[in-house]
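Please consult the sequence and the structure shown here while reading.

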Amino acid sequence: MKRISNIIYIVVFILTIILVPLFILITKDKEFSKNENRYLSGKPKISIHNVVTGKYFKDFEKYIDDQFVCRDKLYEMKTQMQLIVGNKDMNGVYIAKDNYLIEKKLENEVNKEKVKENIGRLNEFTKNNKDKNIQIMIVPTASLILKDKLPQNAVEYNQNEVLDTVKNNITDATLIDLREKFFSHKDEYIYYKTDHHWTTLGAYYAYQEWCKYNGVHTNNYTKEIITTEFKGSLYSKILNKNVEPDRIEIYQPIEEVNYEVSYNFNKRHNSSVYDFEKVKEKDKYQVFFGGNYPELKIRTSHKNEKNLLILKDSYANSFIPFLLGNYESICVIDMRYFKEDLKGYMEENEVSEILILYNVANFIT
């Protein structure tokens with residue numbers, strides 16, 4: 001009986017390794033994964049060079065992995081099996097208390113030389129622009145502020161050490177340290193439960209700190225929930241069907257501000273900082289501006305000759321709308337995609353103030 005059982009296992013195994021790749025090859029490839037918010041690998045091109053160098057086989061392995069039959073369902077099953085055995089550390093994500101998913105980053109993933117290099121670049125930039133009011137906001141992530149929710153024995157890098165290093169070595173600029181403010185509100189909904197971003201409430205508390213540092217009053221807003229079905233980037237890494245989706249809120253100013261948004265050097269225009277069509281898609285955080293762009297510019301009805309430049313990552317997207325009442329224009333640049341002359345751009349747009357806004361996880365990488 002045991003011999004028959006072993007034969008069955010062997011036959012099933014052989015059929016699997018033969019039929020699954022065959023099925024993938026004869027079926028139409030999926031181009032995009034909504035869960036992972038990325039394009040999937042297509043069939044690699046075969047050539048003598050690619051075969052000899054081994055590139056073809058590496059690309060083919062990635063292709064098979066991306067196009068695997070019922071890939072998402074298998075991920076869901078894997079997650080459920082790991083949860084059953086009590087595993088709370090999966091694919092770079094901690095399953096934390098109160099249904100939070102928190103991104104995992106270890107000490108050996110922190111390149112301290114890169115941190116010093118980035119601080120050096122910041123200091124060089126601020127030194128060359130001393131005539132402008134420059135502020136830096138390095139946002140702490142959930143693994144620091146919500147550390148009490150992490151699983152027992154969870155290992156994380158020393159985020160405080162990184163933030164203190166930045167704070168103690170920045171020159172010619174003002175650092176807006178959000179830690180005290182965020183710790184005082186840590187029991188509120190300031191980070192999404194399924195995504196790596198802060199919520200609009202978290203961005204609002206950062207705006208309050210920005211107002212305090214700049215000596216201006218905080219504007220008044222009404223809140224509007226635009227979706228309660230947001231499953232973000234951390235959910236996509238583990239596909240835990242048991243997690244509750246997040247809600248996304250927008251804050252509308254009580255005192256209306258007239259403005260227009262132009263994207264990518266005036267190639268497209270919009271009358272709102274929100275793209276509500278994105279609420280229908282998987283990555284609903286893109287409701288803020290429709291996502292990330294190399295450049296965008298907001299022109300408001302104010303005539304105060306205050307022109308702000310923001311150098312940023314995606315954390316800034318939900319923060320920027322709070323500043324509409326303070327500036328004549330706000331230029332926004334994502335340095336990951338911007339390939340133009342920054343100095344010339346600042347001169348052309350008569351930039352008078354600069355805000356550099358990154359979350360700490362992006363800053364260290």
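Helices (H or I, at least four residues) and strands (E, at least two) are DSSP runs, numbered from the N terminus. The model is a predicted one, in which local features need pLDDT of at least 70 and side-chain atom pairs count only at pLDDT 80 or more, while totals for chains, interfaces and linings use all residues. Residues are numbered from 1 along each chain as its sequence is written, and side-chain values use heavy atoms, with hydrogens and water left out.

**A buried aspartate**

The loop between α8 (179–184) and α9 (200–214) holds Asp 195. Although Asp 195 is buried, it has no salt bridge. Here, buried means under 20% relative accessible area, exposed over 50%, and partly exposed in between (1.4 Å probe, protein chains only). A salt bridge is a side-chain nitrogen of Lys or Arg within 4 Å of a carboxyl oxygen of Asp or Glu. The nearest side chain of opposite charge belongs to Lys 282, at 6.7 Å; Lys and Arg count as positive and Asp and Glu as negative, whereas His and the chain ends are not counted.

The side chain of Asp 195 does make a polar contact of 2.6 Å with the side chain of His 197. Such a contact is a pair of N or O atoms within 3.5 Å; within protein, one must be able to donate a hydrogen and the other to accept it, and residues adjacent in sequence count only if both atoms are side-chain atoms. The side chain of Asp 195 also reaches the backbone nitrogen of Ser 233 at 2.7 Å.

**A buried proline**

Pro 321 is found in the loop between β13 (307–312) and β14 (329–333). Pro 321 counts as buried because its relative accessible area is 10%. Neighbours within four places in sequence aside, Pro 321 is in contact (heavy atoms within 4.5 Å) with Val 273, Tyr 274 and Phe 289. Pro 321 and Phe 289 are 32 residues apart along the chain, and their C-alpha atoms are separated by 9.5 Å.

Most residues other than glycine have a negative phi.
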